[in-house]
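Trainee: I am new to this structure. Please take one part, look at it closely, and then connect it to the rest.

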Amino acid sequence: MGRNLTIYTPDSKTSKEEKNKIVKFLYNHLEQFGDSKSAISKSIDYAFSTEKGKGGFIIVAIDDMEPVGVLVMNKTGMSEYIPENVLVYIAVHKNYRVVKGIGRYLIEKALDISEGEIALHVEYDNKSAIKFYKRIGFSTKYIEMRLLKRSQL
Ligand SMILES: CC(C)(COP(=O)(O)OP(=O)(O)OC[C@H]1O[C@@H](n2cnc3c(N)ncnc32)[C@H](O)[C@@H]1OP(=O)(O)O)[C@@H](O)C(=O)NCCC(=O)NCCS
């Protein structure tokens, strides 16, 4: 497969149709580790925000005119005490995983075009993604914990 990537930023956003395609792709290919379409859509809107401290980018790997991998990065607006970027979503089409290096290529491209550190969270039982992130060079510096409001319990 050729390395055909499209990068979307606040200056070069997706069309509505392209956005819908990306949301659908992530919804389907994040599988049980994914989020609702509404959550995915919000992360894309945030990536395209031009407000100070916000923004980010989306990278789409394409094969035969169709997305085969997607990465969504959001800026945090913070630095030093909190990483500058959050890798919100990454997913590669089931038929293109492991052997083709698409996930690694998406992350390497993301590293090239972002400034500062990148944080992410991954579910404990997503063993494949954990192996992937470790192979890329991510380390587990902190345990992420959350306190849900009573109304969310
Ligand atoms: C995680 C994911 C994005 C990895 O993408 P990928 O294209 O399959 O990964 P790559 O082929 O680029 O692999 C990069 C490296 O990680 C290793 N790797 C990837 N998946 C692995 C696995 N399941 N077990 C062991 N190693 C793995 C590869 O061997 C490769 O090593 P190398 O580059 O040193 O040879 C993909 O498996 C996926 O879409 N999973 C479902 C969605 C998901 O869980 N996303 C993360 C949510 S937090």
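Mentor: Glycine 137 has a positive phi of about 125°, and it comes just after α4. Helices here are DSSP runs of H or I with at least four residues, strands are runs of E with at least two, and both are numbered from the N terminus. The model is a predicted one: local features need pLDDT of at least 70, side-chain atom pairs count only at pLDDT 80 or more, and totals for chains, interfaces and linings use all residues. Residues are numbered from 1 along each chain as its sequence is written.

Helix α4 itself covers residues 127-136, and the count of buried residues among these 10 is 0. A residue is buried if 20 or more other C-beta atoms, placed from the backbone, lie within 10 Å of its own; with 12 or fewer it is exposed, and in between it is partly exposed.

Although hardly covered, α4 gives the most to the shell around the ligand, 5 residues. That shell has 21 residues, and those that come nearest are Arg97, Gly103, Arg104, Ser128 and Lys131. Besides α4, the elements that give two or more residues to the shell are β4 and α3. By type, the shell divides into 10 nonpolar, 5 polar and 6 charged residues. Here Ala, Val, Leu, Ile, Met, Phe, Trp, Tyr, Cys and Pro count as nonpolar, Asp, Glu, Lys and Arg as charged, and the others, Gly among them, as polar.

Leaving aside residues up to four places away in sequence, valine 70 touches Ile22, Phe25, Leu26, Ile58, Val60, Tyr89 and Ala91; a contact means C-beta atoms, placed from the backbone, within 7 Å.

As for the whole, the protein chain has 4 helices and 5 strands, in the order β-α-α-β-β-β-α-β-α. Buried residues make up 24% of its 153 residues. Along its principal axes, the C-alpha trace spans about 45 × 35 × 30 Å.

Definitions and conventions: Two residues are in contact if their C-beta atoms, placed from the backbone, lie within 7 Å. A residue is near a molecule or strand if its C-beta atom, placed from the backbone, lies within 6 Å of it.
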